[in-house]
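Here is a short briefing on one predicted model. The notes are grouped by topic.

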Amino acid sequence: INMRPLTEEETKTFYKKLAKYIGSNIKFLIDREDEDYIFRFHQDRVYYIRAALLKFIGNVGMDQLIAAGVCFGKFTKTGKFRLHITCLDYLAKYAKYKVWLKAVGEQSFVYGNHVMKAHLARMTENTPQNAGIVILSISDVPLGFGVAAKSTIQCRDLEPTGIVALNQCDLGEYLRSEEENLVSQTIYLFE
């Protein structure tokens with residue numbers, strides 16, 4: 001399989017997008033204590049894979065393997081990077097800013113709608129406007145990620161129908177784009 005390291009420009013673009021959500025916590029993805037994990041590029045996508053697994057799949061033919069590891073996202077034709085829903089668990093674990101939804105707002109969000117103030121249960125203090133945020137259920141189940149449309153302070157004075165967070169990706173994405181996501185889903189080999 002042709003899984004190569006990211007170029008300097010790709011790494012810069014990828015880390016910039018990832019830092020929007022997890023900030024300096026990127027170091028916890030790279031410098032893990034349990035095992036060595038690395039980011040690899042394959043067919044415009046970035047994968048997060050165990051180094052030991054990468055050595056193993058070197059013996060597998062290119063036509064036999066679609067991908068390996070967790071797909072964090074893909075590069076667009078214009079060179080921008082788009083995070084995929086498959087990296088949600090890692091974003092949720094290391095996110096700087098989070099939003100928790102009431103039970104009534106979960107379904108609306110998973111159907112692809114933005115987060116309204118009426119659906120907001122709580123929000124990380126001092127969340128700036130336009131910051132990358134992870135959206136969770138009230139029971140801390142990650143539902144998706146997006147961008148803060150308003151800061152924490154602005155949300156206090158917002159009307160109930162006002163938009164608090166813009167939906168960029170949610171768990172409903174698996175169903176809405178099933179065929180498209182087939183290739184980008186996590187494929188585990190001996191993990």
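Threonine 152 lies in helix α6 (residues 152-156); helices (H or I, at least four residues) and strands (E, at least two) are DSSP runs, numbered from the N terminus. The model is predicted: local features need pLDDT of at least 70, side-chain atom pairs count only at pLDDT 80 or more, and totals for chains, interfaces and linings use all residues. Residues are numbered from 1 along each chain as its sequence is written, and side-chain values use heavy atoms, with hydrogens and water left out.

**Threonine 152**
- Threonine 152 is buried, with a relative accessible area of 8% (buried means under 20% relative accessible area, exposed over 50%, partly exposed in between; 1.4 Å probe, protein chains only).
- Its side chain reaches the backbone oxygen of threonine 124 at 3.0 Å.
- The side chain of threonine 152 also reaches the backbone nitrogen of threonine 127, at 2.8 Å.
- Neighbours within four places in sequence aside, threonine 152 contacts Met123, Thr124, Glu125, Asn126 and Thr127 (contact means heavy atoms within 4.5 Å).

**The sheet**
- Six strands form an open sheet with mixed pairing, in the order β6-β10-β9-β8-β5-β7 (two strands pair if DSSP finds at least two bridges between them).
- The edges are β6 (115-116) and β7 (120-123), each pairing on one side only.
- β8 (residues 132-137) and β9 (residues 142-148) pair in the antiparallel sense, over five bridges.
- Glycine 132 has valine 147 of β9 as its bridge partner.

**Helices on the sheet**
- Helix α1 (residues 8-22) packs on the sheet and touches β8, β9 and β10 (163-170).
- The direction of α1 makes about 105° with that of β9 (axes are lines fitted to C-alpha atoms, for helices over the stretch in contact, and angles run from 0 to 180 degrees between N-to-C directions).
- Helix α5 (residues 103-110) lies across β5 (98-101), β6, β8, β9 and β10, at about 80° to β9.

**Helix α1 in detail**
- α1 has 15 residues and reaches 20 Å from its first C-alpha to its last, close to the expected 21 Å (1.5 Å times one less than its number of residues).
- Glu10, Phe14, Leu18, Tyr21 and Ile22 are buried in α1.
- These residues lie on the same side of α1 because they cover an arc of only 75° around the axis (the arc is that of the directions from the helix axis to the C-beta atoms).
- Exposed Glu8, Glu9, Lys12 and Lys16 sit on the face of α1 turned away from its buried side.
- Glycine 23 follows α1, with a positive phi near 55°.

Conventions: A polar contact is a pair of N or O atoms within 3.5 Å; within protein, one must be able to donate a hydrogen and the other to accept it, and residues adjacent in sequence count only if both atoms are side-chain atoms.
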